[in-house]
Structure formats: C-alpha cells, structure tokens
Amino acid sequence: MGLESIYQGALMEHNSYPTCKYPLDEATHVHEGVNPSCGDDIVLSLIVEDGVIVEAAFQGSGCAISQASADIMAELVTDKTVEEAEALAETFLAMIRGEKLTDEQKASLGEAAELEGISRMPARVKCAQLGWRTLKQIIDDDGDGSGKVDFEALDGEDPEAAKAEAAAVRAQGIE
C-alpha cells in the first residue's frame, strides 16, 4: 500500500477537519505523548465520569497520520466506558502491529480500521499509535497526568535499533 492510498478517506478528513482537537479545560485526566522519531507531540485530555469517557480531546502537532489517528481515537472513545476504550486501544494497536483481526474487531474500530495499511509502513506505525498509546497510558496510570509517554522504542523493539530508525527517518525529512 503506497502513501497515496493511505492519504485519503478518513485520514485526510480527520487531519484537515479534526472534531476533537481543542483544549479541554475541565479534563479529569491529561497525559502527553511524544513520538521522537518524527516530532509528533500530543496532549490527550479526558473527562471521565462514573467510569465513562464523556469527552475526549487532544492538542498538539505532528504528521497527518498522528493527528488524524488521535482525532479518530478521541471521537471513538467518547461515550465509552474506560474498559471499552482500553479494549478498543488494544484492538487498534494489535491491528497496527499487523495482527489479524476478526470482522467484529475491525467493525468495533469504525473509521480507525481504515488505518490498517499503516501496519505495512514501519516508519509510520509509531505515528498512528501515538494517540492510542497515550490513551492506554492514561488508563494504566489512572490518568494522574504525571508522566510523558515517549515512543522511541515500541514494546519488544530493540531501543538502539529504534533510535537508529528514528535518526534515519528524521534525516530523510519524512513526515
């Protein structure tokens, strides 16, 4: 799958016209996520009431994939329980790692399923994962907002290889 087919549909719509990219001053949970491979940076904010994410928003900058994926994620998890949001994040991350999903799992992701082709673009995987991994970090940390998520090395990835890949991506000016 080439870049021309990735940069269409939901991805371009959410990058050009994000619905969830705004400050959320009343947030109960806030966490920053950074992808040093290409400089993507988001701050994810949630309002959680009685175990339900009643509103999700983000701010930040980065490539079209990171921004669109974060917007799709924020829209998808709004009005979901924390457990449902975590399950969606795990499903999305599995898809982006190239794992086979059932039809039901893909359907649960809605527009996010359109980003499946990114799993075959190693330099873009971290971009697509940024918002979703930041969401998981909020859930795992109980959203105290005390940390910053840095995605130079993915789970199970050699940190030195990840640094080398990040340097190569930055040197090529890929965004």
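Is F92 buried or exposed? At 0% relative accessibility, F92 counts as buried; the term means under 20% relative accessible area, with exposed over 50% and partly exposed in between (1.4 Å probe, protein chains only). This is a predicted model, in which local features need pLDDT of at least 70, side-chain atom pairs count only at pLDDT 80 or more, and totals for chains, interfaces and linings use all residues. Residues are numbered from 1 along each chain as its sequence is written, and side-chain values use heavy atoms, leaving out hydrogens and water.

Start with the fold elements. The protein has seven helices and five strands. These are DSSP runs, numbered from the N terminus: helices are H or I with at least four residues, strands E with at least two. Read from the N terminus, the order is α-α-β-β-β-α-β-α-α-α-β-α.

Now return to F92. Rings of Phe, Tyr and Trp (its six-membered ring) pair if their centres lie within 6.5 Å; planes under 30 degrees apart are stacked, over 60 edge-to-face, and the rest tilted. By this rule there is one aromatic pair. The ring centres of F92 and W132 are 4.2 Å apart and the planes meet at 10°, so the pair is stacked. F92 sits in helix α4 (residues 82-96) and W132 in helix α6 (residues 122-140), so the pair ties together parts 40 residues apart in sequence. W132 is buried too, with a relative accessible area of 0%.

Now the whole protein. Of its 175 residues, 45% are buried. Contact means heavy atoms within 4.5 Å. Among contacts with a separation of 6 or more, 64% join residues 24 or more positions apart.
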